[in-house]
Amino acid sequence: MFDQSNSSGQRPEARAAREWVKVLAKYREPSTLRSVFEFAVTIGPFLLLWVLAWWSLSVSYWLTFGISVINAAFVVRLFAIQHDCGHGAFLNNRTVSDWLGRFLGVLTLTPYDVWRRSHSIHHSSAGNLGRRGYGDIHTMTVAEYIELSPRSRLMYRLYRNPLILFGFGPAYLFLFQNRLPLGFTDRAKYWVSAMGTNIAILVGLGVIYYFGGLMPILLIFLPSTLLAATAGMWLFYVQHQFEGTHWNSEEDWQLHEAALEGSSHYVMPPVLQWLSANIGIHHVHHLYSRIPFYRLPEVLRDYQELAESNRMTIRESLGSVNLNLWDEESRQLLSFSQVRARYS
């Protein structure tokens, strides 16, 4: 699936993964002017499309829904900006960056401080078999799966079913699970984050209902939110769930190797790359998360090794949906059918 070789047949990432950290440090500084511009050209169309969708309610509900579908793309981009705020990569002033992230968390239904903590754990443990469970797609090893009871195997298969993972899953995560600081309920800070976000969302929905009734919520808010959630779940999935990904046991795991080898370079058309704020350049992001999203293409331009590493097209990514279990013997993700054939 991945083209990880150059013309001489050697892997392109000739540098050790740890060495890339020093190389990439020069890209870490954000430009305040550029960041403000990126925020403006994202929040502006988002608000404009909301206004147009509201106006279109008096013309056609189908038109309203269509506008909301388009606006889902800008919700994704707003989440990507919130993501950079969480890494301290969007603005030099961390306080302003955090409050911008909290504001965006209301629009994306994501309590910022809870998500930032969970996502930090994801970055510090991605690819570590001993530290699964925070901010990732639950992935079992073949050995673990074989040891399960038939009922538990069925539950895992249901969880990994695309209809659940990309249908029910995103709706549950953003509408319900995010309402509580699950995993961090012992800290008041995260309760404040979750409850503060919930209150702000309820106030916003209350204002919408007061002025427009139920239809703006049903035809604008819900479609744009749920479609953005589904797109976001897909992007997160293909960033780490692919045939050539990287997992290791606790004792063998190394942070930078897991970042470089366990994150994909998702190649998308320019418009989708812009709308997703270059999050497809995920191997570079995991190597150095402080790089602003708008500087990630600079890295690929300057270092062909990284531009060619872990490349995956949209067409190729569709095959990753069937990869469900990590095989520690062959060191690759396998489908349920492959596991049956090998370990019947």
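Trainee: What should I keep in mind about the model and its numbering?

Mentor: The model is predicted, so local features need pLDDT of at least 70 and side-chain atom pairs count only at pLDDT 80 or more, while totals for chains, interfaces and linings use all residues. Residues are numbered from 1 along each chain as its sequence is written, and side-chain values use heavy atoms, with hydrogens and water left out.

Trainee: How many helices and strands are there in the protein chain?

Mentor: Helices (H or I, at least four residues) and strands (E, at least two) are DSSP runs, numbered from the N terminus. Here the protein chain has 17 helices and five strands. Its radius of gyration is 21 Å, close to the 20 Å that the globule rule gives for 344 residues, so the chain is as compact as a globular protein of that length. That radius is taken over C-alpha atoms, and the rule is 2.2 Å times the number of residues to the power 0.38.

Trainee: What percentage of the 344 residues count as buried?

Mentor: Buried means under 20% relative accessible area, exposed over 50%, and partly exposed in between (1.4 Å probe, protein chains only). In this chain, 50% of the 344 residues count as buried.

Trainee: Which residues touch the most other members in the largest nonpolar core?

Mentor: In soluble globular proteins, nonpolar side chains tend to be buried together. A nonpolar core is a set of buried Ala, Val, Leu, Ile, Met, Phe, Trp, Tyr and Cys residues joined through side-chain atoms within 4.5 Å. The largest one has 48 residues, and Phe46, Phe90, Phe166, Trp234, Tyr237 and Tyr266 touch the most other members. Helices supplying at least two residues each include α2 (32-56), α3 (61-86) and α9 (188-212), and α10 gives the most, with 11 residues. Another core, of 18 residues, lies apart from it, with Val23, Ala259, Val284 and Tyr303 among its members.

Trainee: Which residues make the nonpolar surface patch?

Mentor: Patches are made of residues with over 30% relative accessible area and no salt bridge; like charges are joined within 9 Å, and nonpolar side chains (Val, Leu, Ile, Met, Phe, Trp, Tyr) within 5 Å. Accessible areas come from the Shrake-Rupley method with a 1.4 Å probe; for residues, only the protein chains shown count as cover. Here Ile199, Val203, Val207, Tyr210 and Phe211 make a patch of about 600 Å². Phenylalanine 211 sits in helix α9 and is exposed, at 63% relative accessible area.

Trainee: How many salt bridges does the structure hold?

Mentor: A salt bridge is a side-chain nitrogen of Lys or Arg within 4 Å of a carboxyl oxygen of Asp or Glu. The structure holds 12 salt bridges. In one of them, arginine 116 pairs with aspartate 98, the closest N and O atoms being 2.9 Å apart. Arginine 116 lies in helix α5 (residues 112-125) and aspartate 98 in helix α4, so the pair ties together parts that are 18 residues apart in sequence. Arginine 116 is buried, at 17% relative accessible area, and aspartate 98 is buried at 10%. A network of salt bridges links Arg94, Asp98, Arg102, Asp113 and Arg116.
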